[in-house]
Structure formats: C-alpha cells, structure tokens
Amino acid sequence: MSKNKKTLAQEADKYVLYQESVQDPGHEVDFFDKVFKSEFKRKPRVLREDFCGTFAICCLWAKKKDRIAIGVDLDPEPLAWGREHNLSKLKEEAQQRVTLLQEDVRSNGQVKADILAAQNFSFWIFKTRAGLLEYFKTAYRNLAEEGVMVLDMMGGPECLEENHEDIRKYGKGKKAFKYVWDQARYDPITHDATFHIHFRFKDGSSLEPAFTYEWRFWSIPEVRELLLEAGFPEVHVYWEGVDEDGEGDGKWKKRKSAASDPSWIAYMTAVKRNG
Ligand SMILES: C[S@@+](CC[C@H](N)C(=O)[O-])C[C@H]1O[C@@H](n2cnc3c(N)ncnc32)[C@H](O)[C@@H]1O
C-alpha cells in the first residue's frame, strides 16, 4: 500500500455507517403511526425526536405534507451532519417543516408533540431516578393533551456480559463493513454500563470506537414506575413476536408478560390523555 493511500476507515464517514447499520427510520415512523392510531383513532402530526442525532427520523416524518418534526440534540456535530446529508435531500417545503434545537432534552418546547420519541436507549444517559424522572416530567409537558412517548429498551442476560461483541455484516464489495456492538463494561452494583460501536473494514482498518455510550442499565419495571410517577396514566410494553424458526417476526404487540430471552429489544409507550 502506498504511503499516501488512505485506509477504508480513513475514507469512511461514521454517520453514514451508523445510519446504514443502526437505524431504520421507516420502521420507526410506521410504529409511531400505529401506536398513536391505536390509542387515539387518528393520525399524529407533530413529532418531537429527542436525542435526534442526525435526525433521519425527523426527515422521513416531514416528507408528508401535513406533518412537522422537531429534532433535539445537545451535540452540534451530528446536527450539522444531518443538515448537510439528510435535510438537504428533502424538498424545500419539507425542509421548512423540520425544526432543529441544539439543546438539552429537558428543555420545555414551544410546540407540543403528538409523538415524543427517545430512541436507541438514549435516555439511559440519565443515571439516577431523580434525573430520569425530571426528563420524563419534561417529556410529559412537551406532549400535546393527547400524545404518546415512545422509548426503546434492551435486556436479557447476554446484554450484561462484559466484552461481548455482537457483529453484523453490511454492504457489499469495497463498501462492505462489520458493525460491532461491544458491551465493554457492566457494573452489577451501580448498573453503570459502557457500550461502544465499532466499524471494521476489509483492509483490516477500523473505526474503534466510532461511538461510545456511558449509560445506566435500566429495567422495564423501573422505567414504567418512573413514567407513571412523571404523570403518564398508562404505560405499555410492545414485545416482538417470534416466527417458526424462533426468530423475531418484526411484529410488535402489547404484552403484559413475556418468556425469558437471552437478549431482547422492546418498545415502551407512555400515553398522555386529555383530562
Ligand atoms: C445513542 S445517540 C442516538 C441518536 C439517534 N436518536 C438514534 O436513534 O440513532 C444519543 C444522542 O443523544 C444526544 N444527547 C445526549 N444527552 C443529551 C441531552 N441531555 N440532551 C440532548 N441530547 C443529548 C447525543 O448528542 C447523541 O446524539
């Protein structure tokens, strides 16, 4: 390799790889529509995406004429990336329907949302009951009279194993890469956990880590109790069904209990009702 030739890692854009491997905005938007309609028998119009990063979900949401999206993130870097790569791809009139706020998710919003989404476990950044309760109270205020907060959760004994890597392959040819979810640290006393995302390439180069998350490992009952304490009258868990081979079937249904699973992902919804 000549001295000046860049490695695949040097040529890569971590946000492109993240969007390809982690995100599925179509799936999220379909889910938001489904849960809101099942609660209120009408379509949601205003989305607030907390911890929005490159706000791909906001951009898909705002493609529909009657919809507006508000993306909130503290970090100017993913917001700037999203403006250049996601927002710019929308028609001008759709771009006008996306508002970006570079601020803490615990700030009070001016526009009340029908759906308030906090995806990819991002609220695990709040490590104390008091901190998470404060966030959920703000989320409640940032919803309209009728609204749904949508969160996701993960768990199962495999998720607590240190130095456990979940590796998946994406792309073809030169663009092929491995996405690695690395469970680097889990403290059973505090539930402090460190996770990394790495991207590894065919030429042996890697972005390692591309992203790091310092979170508290929360459980569904803890999150449910805090959402109820924050004022939401109803909290639901959506659990994925299984197909004939025992794999997830992509169909998420409200469930009150579930069978043990070594590694699971679930949605939680917190419903705010008029009066
Ligand atoms: C795991 S990423 C999630 C990105 C995106 N929501 C997704 O689903 O892929 C977490 C994001 O939360 C942002 N963040 C962390 N703490 C925040 C806070 N208190 N207020 C606003 N954004 C925050 C980070 O800057 C980062 O972009």
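Predicted model: local features only at pLDDT ≥ 70, side-chain atom pairs only at ≥ 80, totals over all residues.
Visitor: How many residues does helix H7 have, and what length does it reach?
Guide: Helix H7 covers residues 129-141, which is 13 residues. From its first C-alpha to its last it reaches 18 Å, close to the 18 Å expected at 1.5 Å a residue.

Visitor: Which residues in H7 are buried?
Guide: Leu 132, Tyr 135, Phe 136 and Ala 139 are buried in H7.

Visitor: Why do the buried residues of H7 line one face of the helix?
Guide: Seen down the axis of H7, the buried residues fall within an arc of 95°, so they line one face. An α-helix has 3.6 residues a turn, so residues three or four places apart point the same way.

Visitor: And which exposed residues sit on the face turned away from the buried side of H7?
Guide: That face carries the exposed residues Ala 130 and Arg 141.

Visitor: What do the buried residues of H7 pack against?
Guide: They pack against strand E4 (113-118), strand E5 (143-155) and helix H8 (220-229).

Visitor: Turning to E4, is this strand largely enclosed or open?
Guide: Six of the six residues of E4 are buried, so E4 is largely enclosed by the rest of the structure.

Visitor: In which sense do E1 and E4 pair?
Guide: Strand E1 (residues 46-50) and E4 pair in the parallel sense over four bridges. Leu 47 has Ile 115 of E4 as its bridge partner. E4 and E5 also run parallel, joined by five bridges, and the partner of Ala 118 in E5 is Leu 151.

Visitor: A change of topic: which residues are closest to the ligand?
Guide: Of the 17 residues that surround the ligand, the closest are Phe 51, Gly 53, Asp 75, Gln 119 and Asn 120. By class, this shell has nine nonpolar, five polar and three charged residues.

Technical notes:
Residues numbered from 1 in each chain as written. Helix = DSSP H or I, 4+ residues; strand = E, 2+ residues; numbered from the N terminus. Expected span 1.5 Å × (residues − 1). Buried ≥ 20, exposed ≤ 12 C-beta atoms within 10 Å, placed from the backbone. Arc of directions from axis to C-beta. Contact = placed C-beta atoms within 7 Å. Near = placed C-beta within 6 Å. Nonpolar A, V, L, I, M, F, W, Y, C, P; charged D, E, K, R; others polar. Pairing = 2+ DSSP bridges.
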